[in-house]
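Here is a brief report on strand pairing, the nonpolar core and the aromatic contacts.

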Amino acid sequence: MQRQPIDTKAFPLALCNDGSSAVYYWQAGVGSNAARDANKTVIYLGGGGFCATDADCSRRPPEGRSSMSYPTSVNGTGILSSSSKNPNFQSWNRVFLPYCTSDLYSGDTGPTGGAANFQFRGARVVEAMIQSLTSRNGVGKKGDVVLLSGGSAGGVGAFINANRVRALLPAATVLTLVDSGVFPDVMPPKSTPPDMLPIREQLAGGSQYWNSQFDSDCVAANPKMPERCLLFQYALPTLRTPTFTVQNVRDPVSIRNAGLFQPSDSNTPEQNDWVNQVFIKSMASILLPLGQSAGEGLFAVCEPDVHGMIFDDVNWTRRYTDLGSASLEKNVYRWANGLGARTRVGVSSCRYP
């Protein structure tokens, strides 16, 4: 996949935290079906958490704040792989957007001033990428299919920006694939250190710090708490795109962030009880209704306990035993190839550990 710099003259605010220009990577489809699928494009938004203060952002790795060290080319993995092991998507055009804005692809503010002087332009970066794909790569014509996907923070970015991308590509069919982007709105255990905030309060502070640009439909549905639009369960009802959800019910990153657990807390009686009685029940209440309506898809697993499945070669093609040897790659393709047809592969119950 070849590096495609975003034109700063055309898009002067499509910037990373340090002010460097955002970039994306592009590779046209390959293989025997490349000509047939020339009108299909999958976009993957990279993940990597978020930060909500200057001090916290300063601790992020350089590649999470800047494009200065990004190589001229990268090898796509998982859904972006050009290998024959990715038979159904290798023939699609494939796009990777590295994550250098730390704001769940939602922000539009800065520079913040002071020693850090960060910018948060995630919403601008996504918009500039889409417009660049249209002008430079011809994406978005009538009859085109565009699958907007992402993992973790990128999964959140995918559902936050889904309606905007659909509006930018009115002639195309836009689909949304959210991987590991579900973080239940639950209270952490009572013994949690008092200086650590529940995830919804962390996101509320972050959305103000980043000047998050929420979708107008989601804001209208959550007028008193627009920061809810950063949480999947509140944003989903307002999405105008067919949406496929990929989620580990026992996602270790979601557990850690929602429960505010430290590594030393792993498998303690308190953690196990909270995960089983609070976290998993909340996660199940979000996931189990999905995949039962037209346009919805669901692929929910209990194990292995992984965070992020569609960008990983092993998890993308793995046959999951608790789902009757179902393959994620094949199920996503069947759903996408049916232009959002109803799909459901889920589990009814999980326990931890």
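Two strands pair if DSSP finds at least two bridges between them. The model discussed here is predicted. Strand 1 (residues 2-5) and strand 2 run antiparallel, joined by 4 bridges. Strand 2 also pairs with strand 4 (residues 93-97), again in the antiparallel sense, over 3 bridges. Strand 2 spans residues 23-27 and is mostly covered, with 4 of its 5 residues buried.

| Residue | Stands opposite |
|---|---|
| Gln 2 | Trp 26 in strand 2 |
| Gln 27 | Arg 94 in strand 4 |

Next, the core. The largest nonpolar core holds 107 residues. Ile 79, Met 129 and Phe 299 have the most contacts inside it. Beyond its neighbours within four places in sequence, Phe 299 touches several residues, among them Phe 244, Val 246, Tyr 320, Leu 323, Leu 328 and Val 345.

Aromatic rings come next. The count is 16 aromatic pairs. One of them is Phe 159 with Phe 232: the ring centres are 5.6 Å apart and the planes stand at 70°, so the pair is edge-to-face. Phe 159 lies in helix 3 (residues 153-168) and Phe 232 in helix 6 (residues 232-235), so the pair ties together parts 73 residues apart in sequence.

Finally, a charge over a ring: Arg 228 lies over the face of Tyr 234, 4.3 Å from the ring centre.

Notes: Residues numbered from 1 in each chain as written. Predicted model: local features only at pLDDT ≥ 70, side-chain atom pairs only at ≥ 80, totals over all residues. Heavy atoms only, no water. Core = buried A, V, L, I, M, F, W, Y, C linked by side-chain atoms within 4.5 Å. Buried < 20%, exposed > 50% of the residue type's maximum accessible area, 1.4 Å probe, protein only. Contact = heavy atoms within 4.5 Å. Helix = DSSP H or I, 4+ residues; strand = E, 2+ residues; numbered from the N terminus. Phe/Tyr/Trp six-rings, centres within 6.5 Å; stacked < 30°, edge-to-face > 60°. Lys NZ or Arg CZ within 6 Å of the ring centre and 35° of its normal.
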